[in-house]
Amino acid sequence: MKRFLIAALAVAGLTLAGCEDGSYFNANTKQLKSDKVGRLEASGDDLRVYEFTPQSDPTKQCVFVAGDKKGGLVCFDKRRP
């Protein structure tokens, strides 16, 4: 049983070591910061709100809302000052 556990851990370690780009386990994955982060009071649980500028289009603004069993994303053009 001990050998099986060691073998399973070794396989899991090798699997995680070969994760593709963008993976949490890949050391080369760049962590991005949100432009703004907040909480939205809602009926029941509060929702988390993240505003960010996507790397693929700096003229856009995106808002991601996350809850326990719900979530959503919307992107739109940034306003020009």
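Q: Why is Cys-62 called buried?
A: In this predicted model, Cys-62 has a relative accessibility of 2%. Buried means under 20%. The value for Cys-62 falls under that limit, so Cys-62 counts as buried.

Q: What makes Cys-75 partly exposed?
A: Cys-75 has a relative accessibility of 41%. Partly exposed covers the range between the 20% limit for buried and the 50% limit for exposed. The 41% of Cys-75 lies in that range, so the label is partly exposed.

Q: How do you know that Cys-62 and Cys-75 form a disulfide?
A: Their sulfur atoms are 2.0 Å apart. The cut-off for a disulfide is a pair of cysteine sulfur atoms within 2.5 Å. The pair meets that cut-off, so it counts as a disulfide. The structure holds 1 disulfide. The pair links distant parts of the chain. Cys-62 sits in strand 3, while Cys-75 sits in strand 4 (residues 71-77), and 13 residues separate them.

Q: Why is the disulfide of Cys-62 and Cys-75 called right-handed?
A: The torsion about its S-S bond is about 110°, so the disulfide is right-handed.

Q: Why does Gln-61 count as buried?
A: Gln-61 lies in strand 3 (residues 60-66). Its relative accessibility is 11%. The limit for buried is under 20%, so Gln-61 counts as buried.

Q: What makes the pair of Gln-61 and Asp-35 a polar contact?
A: The contact runs from the side chain of Gln-61 to the side chain of Asp-35, at 3.4 Å. A polar contact needs N or O atoms within 3.5 Å, one able to donate a hydrogen and the other to accept it. The 3.4 Å of this pair is within that limit. Leaving aside neighbours within four places in sequence, Gln-61 also has contacts that include Glu-51, Phe-52 and Cys-75.

Q: Why is Glu-51 called partly exposed?
A: Glu-51 lies in strand 2 (residues 47-52). Its relative accessible area is 31%. That is between 20% and 50%, so Glu-51 is partly exposed.

Q: Which residues does Glu-51 touch, beyond those up to four places away in sequence?
A: Glu-51 touches Ser-34, Asp-35, Lys-36, Gln-61, Cys-62 and Val-63. Lys-36 is 15 residues from Glu-51 along the chain, yet their C-alpha atoms are separated by 5.1 Å.

Q: What is the order of elements in the protein chain?
A: From the N terminus on, the order is α-β-β-β-β. That comes to 1 helix and 4 strands. Of the 81 residues, 12% count as buried.

How values were computed: Residues are numbered from 1 along each chain as its sequence is written. This is a predicted model: local features need pLDDT of at least 70, side-chain atom pairs count only at pLDDT 80 or more; totals for chains, interfaces and linings use all residues. Side-chain values use heavy atoms; hydrogens and water are left out. Helices (H or I, at least four residues) and strands (E, at least two) are DSSP runs, numbered from the N terminus. Buried means under 20% relative accessible area, exposed over 50%, partly exposed in between (1.4 Å probe, protein chains only). Contact means heavy atoms within 4.5 Å.
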